[in-house]
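Please keep the sequence and the structure in view while reading.

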Amino acid sequence: MSEWDALPGLVEASERHHETTLVVTLESLVDAATYLRDESDFNFLSDLTAVDYLGWGERAVSGYIGTATGRDLNNPMTQGYQAVPLPKPKRFAVNYHLLSISERPRRVRLQTWVDEGEAVPTVVRVWPTADWHEREQFDLMGIVFDGHPNLVRILLDDDWDGHPLRKDYPIGGEPVRFSGQE
Amino acid sequence: MTATAPTRSRAPIYEGTRIPYPIPTVLTTPPSVLATGDVMTVNFGPNHPSTHGVLRLVVDLYGEDVTGLAAVVGYLHTGFEKNMEQKTWWKAIPYAPRMDYVSYQANEYVFVGAVEKLLEIDVPPKAVWMRTLLLELNRIHSHLVWLGTSALELGAISMFWYAFRERETILDLFELVAGYRMHTRYFQVGGLADDVPRGFYPEARSFCDGMPKAIDEYETLLTRNKIWLERTEGLGLLSADDAIALGQSGPVLRASGVDWDTRKVEPYLAYHQVDFSVPVFPEGDVYARYRVHMAEMRESVRIVEQCLERLERMEGEPWIADDRKVVLPPRHELHTSMESLIHHFKIVTEGFRVPEGEVYFAIESPRGELGCYVCSDGGPKPWRVKFRAPSFVALQATATCMTDALIADMIAVVGSLDTVMGEVDR
């Protein structure tokens with residue numbers, strides 16, 4: 001992991017499912033993004049995804065975890081015991097999936113954590129393609145991107161209330177009445 | 001506006017960058033042009049037959065010159081990603097193909113593939129080869145729809161009938177395999193939903209025999225066609241650097257001279273075992289995008305043939321992984337085995353569980369880099385699903401491509417970006 005030591009604001013670099021995740025602090029996000037683009041050749045922003053972890057870990061998960069090897073007796077997660085997923089540092093994660101279109105093609109996930117009310121610095125100056133991606137995450141997840149030149153809703157109407165991909169957004173639906181019920 | 005007038009014959013690809021500033025996706029009319037008082041703002045779409053669905057373009061016109069342009073999307077937003085969070089992993093699969101309703105199997109595979117990556121489940125070879133075959137048939141299908149509609153919009157009506165003739169054959173093949181012509185839902189986590197039906201291989205073979213001849217016919221109609229050349233050459237220019245900066249992928253990127261194909265660079269499925277080449281054209285205009293599409297169809301036919309050769313020797317092999325925690329047990333076991341019945345019941349009612357974690361899985365869809373981000377808390381439902389839609393990103397290049405263009409070229413340029421609005425708005 002020594003390759004990433006020089007990354008500005010690096011909190012943690014991890015490898016899981018053959019994917020590298022680089023967690024950086026919110027303040028140095030743009031520095032880290034610029035560093036990755038210029039020094040490590042990640043010239044292509046493939047995707048930008050925000051995840052809402054509200055309620056994460058409140059529901060214990062048990063039972064049949066499917067793995068290639070079936071149940072592993074040394075791993076409690078596969079045995080049917082109650083297990084709670086690992087807690088997350090803040091409510092929202094913003095993931096930047098980067099790709100290097102170069103002689104050395106590879107991918108990396110740049111990740112930063114943000115709480116309700118905090119703004120994420122924009123990376124539109126680093127990768128122009130972030131324009132619509134950031135607008136989409138603002139629209140659906142309510143993440144504010146500081147410095148974005150045109151931060152307005154993109155998929156929903158301009159006068160829409162709330163941000164539907166948040167976990168506390170009501171999903172609606174019609175209540176169903178069953179026979180014998182009042 | 002820059003000094004260079006739009007030339008009508010093969011404008012060379014530009015130097016440097018043309019991405020508008022400060023908003024990379026909006027072309028703004030310069031104040032000097034605005035001051036003339038002759039600028040007219042026209043609303044194009046969202047309901048217009050040549051916008052490939054419900055795309056709205058707000059265009060500033062100075063005479064016939066496009067001086068300002070902004071693309072407005074979202075008219076087809078249905079909240080697929082939110083819906084998928086409410087379903088079990090198993091029941092979320094049918095949502096994926098409904099996003100890009102022209103290359104549905106690519107979307108279906110990218111979701112299933114992402115879940116498989118999280119599960120670390122092994123897929124049997126027969127399913128791998130069959131998936132490769134169907135994805136390539138789907139690529140031809142998608143390119144045919146693109147070719148037919150784009151040519152139709154530029155006045156070449158006959159192209160539409162030619163392209164849809166072969167498209168019909170492909171849909172028949174899908175129907176033979178899955179029972180559905182579109183949105184087949186044939187890919188299951190762990191493999192395929194059912195075995196390849198008898199009679200599929202000969203039918204697919206006869207399609208492969210006829211397809212190169214059909215592509216020759218299309219090329220006879222268009223490639224050297226004077227009107228087609230006039231309408232496509234030197235238009236919608238996008239340099240390689242701008243294409244990468246704007247996140248363009250697939251045929252648009254390869255028509256700008258970037259030799260990039262996820263199938264070659266990060267092979268998934270059986271792509272490392274088949275022989276095919278990646279067509280690249282350096283001109284960066286609408287005509288180059290057309291040439292890439294045509295050449296890719298020929299390559300896809302070659303891949304399908306190689307898949308058929310392998311599959312024909314795999315008679316009787318399993319088509320889905322034998323993992324009872326994830327995959328439904330074979331139907332016949334339900335009558336005799338209590339254990340199988342329980343597994344069946346658990347998977348259908350509760351859904352299978354996927355280990356905690358997050359993955360990003362990207363494939364080369366007919367439209368380019370199609371990615372799927374999947375996050376699980378270890379439960380039976382996805383915590384978050386996100387699709388990286390190549391069409392959504394492609395539309396961001398509209399402003400750059402339309403720099404110094406005429407209103408009549410807008411149809412050709414927007415069409416050449418090959419977008420499907422269902423995937424843009426999701």
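Axes are lines fitted to C-alpha atoms, for helices over the stretch in contact, and angles run from 0 to 180 degrees between N-to-C directions. With that definition, H4(B) and H5(B) pack at an angle of about 140°, and their axes are 8 Å apart. The model described here is predicted.

**Confidence of the prediction**

- For the complex, the predictor gives an ipTM of 0.87 and a pTM of 0.90.
- Chain B has a mean pLDDT of 88, with 97% of its residues at 70 or more.
- Residues 1-8 of chain B have a pLDDT below 50, and this stretch has 10 contacts in the model beyond near neighbours in sequence.

**H4(B) against H5(B)**

- The angle of about 140° between H4(B) and H5(B) means that H4(B) is oblique to H5(B).
- On the side of H4(B), the contact is made by Gln105(B), Ala106(B) and Tyr109(B), while H5(B) contributes Arg131(B), Leu134(B), Leu135(B) and Asn138(B).
- By type, the residues of this contact of H4(B) with H5(B) are 4 nonpolar, 2 polar and 1 charged.

**H5(B) against H6(B)**

- Helix H5 (residues 125-153) of chain B and H6(B) have axes that come within 8 Å and cross at roughly 160°.
- H5(B) is therefore roughly antiparallel to H6(B).
- H5(B) and H6(B) cross in a left-handed sense.
- Among the residues that meet here are Leu137(B), Ile140(B) and Leu144(B) in H5(B), and Phe160(B), Ala163(B) and Ile170(B) in H6(B).
- The contact of H5(B) with H6(B) comprises 14 nonpolar, 2 polar and 2 charged residues.

**H6(B) against H7(B)**

- The axes of helix H6 (residues 157-178) and helix H7 (residues 200-222), both of chain B, come within 11 Å and cross at roughly 165°.
- Because of this angle, H6(B) is roughly antiparallel to H7(B).
- The crossing in which H6(B) passes H7(B) is left-handed.
- Residues making the contact include Tyr162(B), Thr169(B) and Leu176(B) of H6(B), together with Phe207(B), Met211(B) and Tyr218(B) of H7(B).
- In the contact of H6(B) with H7(B), 14 residues are nonpolar, 2 are polar and 3 are charged.

**The sheet of chain B**

- An open sheet of 3 strands in chain B has the order S7-S8-S9, with antiparallel pairing.
- S7 and S9 of chain B are the edge strands, and each of them pairs on one side only.
- On average, and with direction ignored, neighbouring strands of this sheet are turned by 10° against each other.
- S7(B) and S8(B) run antiparallel and are joined by 9 bridges.
- Glu364(B) has Glu369(B) in S8(B) as its bridge partner.
- H4(B) lies across S7 and S8 of chain B, and runs at about 145° to S7(B).

**Contact with chain A**

- In chain B, 54 residues are in contact with 42 residues of chain A.
- Elements of chain B that each supply at least two residues of the side touching chain A include helix H4 (104-119), strand S7 (357-365), strand S8 (368-376) and strand S9 (384-388).
- Helix H2 (80-86), helix H9 (240-245) and helix H14 (390-394) of chain B are also among the elements that each supply at least two residues there.
- The side of chain B that touches chain A consists of 26 nonpolar, 11 polar and 17 charged residues.

Methods: Residues are numbered from 1 along each chain as its sequence is written. Chains are lettered from A and ligands numbered from 1 in the order in which they are written. This is a predicted model: local features need pLDDT of at least 70, side-chain atom pairs count only at pLDDT 80 or more; totals for chains, interfaces and linings use all residues. Helices (H or I, at least four residues) and strands (E, at least two) are DSSP runs, numbered from the N terminus. Angles under 35 degrees count as roughly parallel, over 145 as roughly antiparallel, 65 to 115 as roughly perpendicular and the rest as oblique. A crossing is left-handed if the near helix is turned anticlockwise from the far one by less than a right angle, and right-handed if clockwise. Two residues are in contact if their C-beta atoms, placed from the backbone, lie within 7 Å. Ala, Val, Leu, Ile, Met, Phe, Trp, Tyr, Cys and Pro count as nonpolar, Asp, Glu, Lys and Arg as charged, and the others, Gly among them, as polar. Two strands pair if DSSP finds at least two bridges between them. pLDDT is the predictor's confidence in each residue, from 0 to 100.
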